Amino acid sequence: ITNILVSRRAMIYSAALLLATAYLNIAVLDNLSQLAVASHLIYAVIIIILAGFVSALRSVQDVEHQDFIQEKAEHATQQNQLMTLINSVNEAILSLDKRGFVQLYNAAALSLLDTNQSLTGRKIDDVVRLYSEDGQAIALFRQLVDGPPNTTRNDLEHRFADGEMISLAISSSRIRGNDNEEQGYILVVR
């Protein structure tokens, strides 16, 4: 407990004090049997061994905690670099999870869709209201799921809430994990 609350040096002092106390206890009490002396020493050694074990576990935990903190900082740096890269691209970029919810997007996406509202967590079909050139509504997420892994369409129109429409070209790619399981989609919209 001393190691946890104070430091390793304090634990060493505590162990030395325990041994000194055991020695004094044995030296002062002359009428102790050899069995009692041996049990005092055994108890002191067991306590010191357990303290060393706890100290070793604590050291491992400290190293793992430092590794975790370092990995977390590296992840934050990578996330910032990724967001800077994505926001520096002129085309609208949206990342969707495998259920079609927006996870990540850049400033160009907000500009293209003429909104300042967050897109995170919204269904892509609620964000981008697509129509074909002949006016038929298109469910983008269904197209992503049922279509080829990588596709580009240049024949789409987005309809704003006020009825105004703009022509769009959308390139999409599936995101696959290490186990080749589908994890989502990346959309580049122009």
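A salt bridge is taken here as a side-chain nitrogen of Lys or Arg within 4 Å of a carboxyl oxygen of Asp or Glu. The views below show a predicted model, in which the count by this rule comes to five salt bridges.

**View A. Arg174 and Glu182 are joined by a salt bridge.** The side chains of these two residues meet with a distance of 3.3 Å from N to O, and the pair qualifies because the cut-off is 4 Å. Arg174 counts as buried, with a relative accessibility of 17%, whereas Glu182 counts as partly exposed at 23%.

**View B. Asp97 and Arg99 form a salt bridge.** The closest N and O atoms of this pair lie 3.3 Å apart. Asp97 is buried, its relative accessible area being 10%, while Arg99 is exposed, with a relative accessible area of 52%.

**View C. Arg153 and Asp155 meet through their side chains in a salt bridge.** The N to O distance is 3.0 Å. Asp155 is partly exposed, with a relative accessible area of 27%, and Arg153 is likewise partly exposed, with a value of 24%.

View D. Ile46 is placed in helix H3, which spans residues 34-88. The relative accessible area of Ile46 is 41%, and the residue is therefore classed as partly exposed; patch residues are required to have over 30% relative accessible area.

Terms used
Residues are numbered from 1 along each chain as its sequence is written. This is a predicted model: local features need pLDDT of at least 70, side-chain atom pairs count only at pLDDT 80 or more; totals for chains, interfaces and linings use all residues. Side-chain values use heavy atoms; hydrogens and water are left out. Helices (H or I, at least four residues) and strands (E, at least two) are DSSP runs, numbered from the N terminus. Buried means under 20% relative accessible area, exposed over 50%, partly exposed in between (1.4 Å probe, protein chains only).
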